[in-house]
Amino acid sequence: MPTVDHLAADPVTHHFDDMVAPSGLTNHLGTVRVDHDLTSVTGVQFPPVSQGLATTAVCFIDGRILKSYGAPITHEWRPDRVVRRTELPGLVLETTTVVVPGRTAVAIDMRVRNTGAERRAVEVMLSLAARVVRGDDAWNAPESPSAKNEASVDGSRLVFADDAGTAWSVQGVDLPAIARLSGVAPASEEFMVGIGGMGRGGDVTVVLDVPAGAERRFGYVHAVGRTREAAVEAYDAVVDDVEGAVEASEQYWNTQLEAAVTPGNREFSGHLPVLETSSEALSRLYWWGILGILYFRRDYEGNVLGRSYDTLMPNYWATTTFLWDFSLSSVTHALLDPEAMRRQLAHWITSDTHTLFGTSSLTGGPVGQWYSVNDYAMTRLVRDYVRFTGDDGFLDEEFGDGRSVLDHLRFWARAWQGLRRASKLADYGEIENLLECVSSYTHEVASFNAANVWNLRVTADLLESRGDTDAAAELRAEADELVEAVMELYLPGEGFFAAGQPDGTRLPVRHCYDFNIVGTSIPEDLDERTRREMVDFFRRELQTPEWLRALSPWDPDASYSVRPDHQWNGAYAAWPADAARALVALGEPEVALDWLPGLARSANQGPPGQAHFVAEAQPLLSGGARKAPPQLPYINDWACSSSGAYVALVIESLFGAAPGVVGLGEVHGCVAALDPDAVLRGLRVGDRLVDVHADGRVVDRA
């Protein structure tokens, strides 16, 4: 049973603004970004109160900004905290940052040790700023909203508020200190804040008297609220015991980890099975996937769903759940928190999923443009929810428009027909509807057209389970016809597919997404030669020892962008997991199993990042593929909720525990080649609770 210690990231030591993605923390009410400074934090936000990417608590030592000393800083992330450490002449400085459980507050415990031979006074100044605003509308931009604040001194702390008085920030320390305003007039809101800086509201200064060889400490607290009273109450509750807040965070996160794999726990409406294995790589990847989902739970007051799961953190798209990413973790959601998943599905069914890529947990309203994946994503989500929970009645429910969920499945299965132009295949639009940074991956792509075959067959299975054999046969016939058209995009001997263009031409595209989706949705329709060629292409041009190239570096479009989630220099969080699933489905499980130790080395920097670089683009970080940073031109976030794809890889592909619509049948996995004694204990499938063994035995538990 892992604890926060077991899931800690490797220590990372770097200088100011090295290519290292700043990490994040959460307490399920809000998030914060922990910066490369010793104390600074960015984007402290607890919806509906947001500060955008405003930075505060920048550290000065003896009057000089810490970054200017050039001393490397070591960061050590755990689910409950980030410890930052550096050394200056005669001093060792260490901070521990937490998001306080149950509070809209961040706390930092700072320790200063004098390694010199004489007593010294150490002046620590924190430069404070805030741009709090109450954003009740959907946050429809990557960066959360922020606004100009007025700052005031309140004893030894600073208080910030927006013009309307609907959002407040209180910041200060737990020792006697001097707080003052900066005296700098705030910049006009007409000026793009990020170009020139984040502003200075003021600062707070502590002087520590540190004997030789001794250590002294103080605590910093940043609390927010919708009213001054709420922000002050949260601040006072934490500042009275910062060290206790640090301990509480550890206890809170150990409880979350244990609850995630405990039947009948008090944190989630379901649970995940316990994985028993001697394979460190297998265990690490499994818990990597679980951790990523746990980190995106949001229970803040005012959440229209009560509980939701965000998609990215801590930089972009807070309060937004993307259909695509949620579907990639579909199995994990169905097992861990099926009640929250059911509410999310019901909400999306009442939305127009052909006009958005996600929805806001603040308003329930749409966010973004249409993503071509949505029909496939919704079909996958409903199927996974029903087959793991056994809630067959969900298919008969109606949400708003008089159509049952099963009727919606019929619609999603055939929606592609309305997207056809001159050919039998659906045209999925331009770059903004697909991979965004691969200009050649447009229009008639193999992936989603193959997914349409899968959608038709999944819906046919559900209809047949209801006794509607004629309708099921009709859908299967349509699927068989569509397969032939999809395979016309395949380039024999090459192992990859072309994208059909509106002028009738076909543009070869060497992208992992076709490999992943074709490989997992229609593997049985591929002949042996095609399967072998696809795997050969994957190994030759996409696979790396620790990660994956989303796009082959031999593809001409590799010159188009350096965004590593879909380009040659890296891959999006879920693509390696789905590629491994495709390898198993294509009959090459040993390739996937041999790859796992390398992938596990990349699970060394906290939850999966939105993207990780391949080693040719950026040097490995402690042996793992380095997370991509949030700044331009990479604009990738530190963590992404599609991490649940690694849980599905372990449960369904490696153990072979893939229930159908009528429950769990025989299990045919491949994990025994890695660990013949591996067991999944407590897998829930409908009303059954079972142990699944590596040799295929399924044992019901009392």
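## An antiparallel sheet

In strand 6, T55 is the bridge partner of T42. Strand 4, which spans residues 41-45, pairs with strand 6 in the antiparallel sense over 2 bridges; two strands are taken to pair if DSSP finds at least two bridges between them, and helices (H or I, at least four residues) and strands (E, at least two) are DSSP runs numbered from the N terminus.

The open sheet to which these belong is formed by 4 strands in the order 2-3-4-6, with antiparallel pairing. Strand 2 (23-26) and strand 6 (55-56) stand at the edges and have a single partner strand each, so one side of each is left without a neighbour in the sheet. In general, strands of a sheet pair through backbone hydrogen bonds, either parallel or antiparallel.

## Basis of the model

This is a predicted model, in which local features need pLDDT of at least 70 and side-chain atom pairs count only at pLDDT 80 or more, whereas totals for chains, interfaces and linings use all residues. Residues are numbered from 1 along each chain as its sequence is written, and side-chain values use heavy atoms, with hydrogens and water left out.

## Salt bridges around R85

The structure holds 57 salt bridges, a salt bridge being a side-chain nitrogen of Lys or Arg within 4 Å of a carboxyl oxygen of Asp or Glu. R85 takes part in one with E76, where the closest N and O atoms are 3.1 Å apart, and in one with E94, where the closest N and O atoms are 2.7 Å apart.

R85 counts as partly exposed at 27% relative accessibility, on a scale where buried means under 20% relative accessible area, exposed over 50%, and partly exposed in between (1.4 Å probe, protein chains only). E76 is also partly exposed, with a relative accessible area of 26%, and E94 is partly exposed at 25%.

## A salt bridge between distant parts of the chain

The side chains of E243 and R111 meet in a salt bridge of 2.7 Å, N to O. This pair links distant parts of the chain, since E243 lies in helix 3 (residues 242-260) and R111 in strand 12 (residues 105-114), 132 residues apart.

E243 counts as partly exposed at 38% relative accessibility, and R111 counts as partly exposed at 23%. Salt bridges that share partners join E243 and R111 with D109, D174, E215 and R217 into one network.
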